[in-house]
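Please read the points below beside the sequence and the model. They are meant for someone meeting this structure for the first time.

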Amino acid sequence: MRQLRGRTPFAVLVVALLSAGLLGLLMLNTALNEGSFTLSRLKKQTTDATDQQQTLQQQIAEQSAPDALEQRARGLGMVPGGDPAFLNPDGSVTGKARPAEDSPPVPRSSAEPWQRPGGSPAPTPGATASPGDPGIELAPAPPAGSAAPSASGTAR
C-alpha cells in the first residue's frame, strides 16, 4: 500500500502535465488557424483593392486619351483654338492671335439648359459616370454667332 501512495501523486502530476501540454497545443493550433483565416481574408481584400485600382486607372487612361478629351470638349461646345500668340519676356508678341472658329459647326440642342424640362443640361456624349462619381455638369457654350471676346495683341 505504501508503494501505491508514492506512485499516485507522481501519476497525477504526469497526467496533469500531459493534459496541460495537450491543452496548450490545442490553443496554439487554434490561434494559428485563426491567423491563417485572417491572412487569407486580408489577401482577398488586397486582391479586390488591386483589381479596383487597375479598373480605375484604366478608366482614367481611357478618359484622358486625346480622342476622348476632344469628343467631350466638342460635346461641351468647345472648338480648337488654332495657332497661339506668345508674349515674350521683353513684352513683344510673337504670332498673331485670332478667335477660335467653329468649323464645322458643333451640333447643339435647340433648347438652352434653363429651357429644358427639369432645367438640367443634356448629358454629354461619351461621358460615363461611375456610381461613386457625381460628375461635373457644365452648360454648353453659346452659339457661334453670339458675341465672342476679341483677342488683340499689341506690342509695346
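The numbered points go from the basis of the model to its overall make-up, and then to single residues.

1. Basis of the note. This is a predicted model, in which local features need pLDDT of at least 70 and side-chain atom pairs count only at pLDDT 80 or more, while totals for chains, interfaces and linings use all residues. Residues are numbered from 1 along each chain as its sequence is written, and side-chain values use heavy atoms, with hydrogens and water left out.

2. Confidence. The average pLDDT, which is the predictor's confidence in each residue from 0 to 100, is 76 for the protein, and 63% of the residues score at least 70. Over residues 114-120 the pLDDT is below 50, and this stretch has eight contacts in the model beyond near neighbours in sequence, a contact being heavy atoms within 4.5 Å. Residues 124-133 likewise have pLDDT under 50, and the model gives them six contacts beyond four places in sequence. Where pLDDT is low, the predicted coordinates should not be read in detail.

3. Overall make-up. The protein has two helices and two strands, and from the N terminus on these elements run α-α-β-β; helices (H or I, at least four residues) and strands (E, at least two) are DSSP runs, numbered from the N terminus. Among contacts between residues at least 6 apart in sequence, 48% join residues at least 24 apart.

4. Burial and surface. Of the 156 residues in the protein, 4% are buried, where buried means under 20% relative accessible area, exposed means over 50%, and partly exposed lies in between (1.4 Å probe, protein chains only). The protein exposes about 13300 Å², of which carbon and sulfur atoms supply 62%; such areas come from the Shrake-Rupley method with a 1.4 Å probe, and for residues only the protein chains shown count as cover.

5. A nonpolar patch. Which leucines form a nonpolar patch on the surface? They are L22, L25, L28 and L32, which together have about 440 Å² of accessible area. Patches are made of residues with over 30% relative accessible area and no salt bridge, with like charges joined within 9 Å and nonpolar side chains (Val, Leu, Ile, Met, Phe, Trp, Tyr) within 5 Å. L25 has its place in helix α1, residues 2-64, and it counts as exposed because its relative accessibility is 56%.

6. Salt bridges. Side chains of opposite charge can pair when their charged atoms come close. With a salt bridge taken as a side-chain nitrogen of Lys or Arg within 4 Å of a carboxyl oxygen of Asp or Glu, the count comes to two. In helix α1, K44 and D48 lie four residues apart, about one turn of the helix, and their side chains meet at 3.2 Å, N to O; K44 is exposed at 51% relative accessibility, whereas D48 is partly exposed at 39%. R74 forms a salt bridge with E70, with the closest N and O atoms 3.5 Å apart, and these two residues are separated by about one helical turn because they are four residues apart in helix α2, residues 66-75. R74 is partly exposed with a relative accessible area of 27%, and E70 is partly exposed with 41%.

7. The segment after β2. K96 is in the segment that follows β2 (93-94), and it counts as exposed because its relative accessibility is 65%. Leaving aside neighbours within four places in sequence, K96 is in contact with D83 and A85. K96 and F86 are 10 residues apart in sequence and 8.5 Å apart in space, C-alpha to C-alpha.
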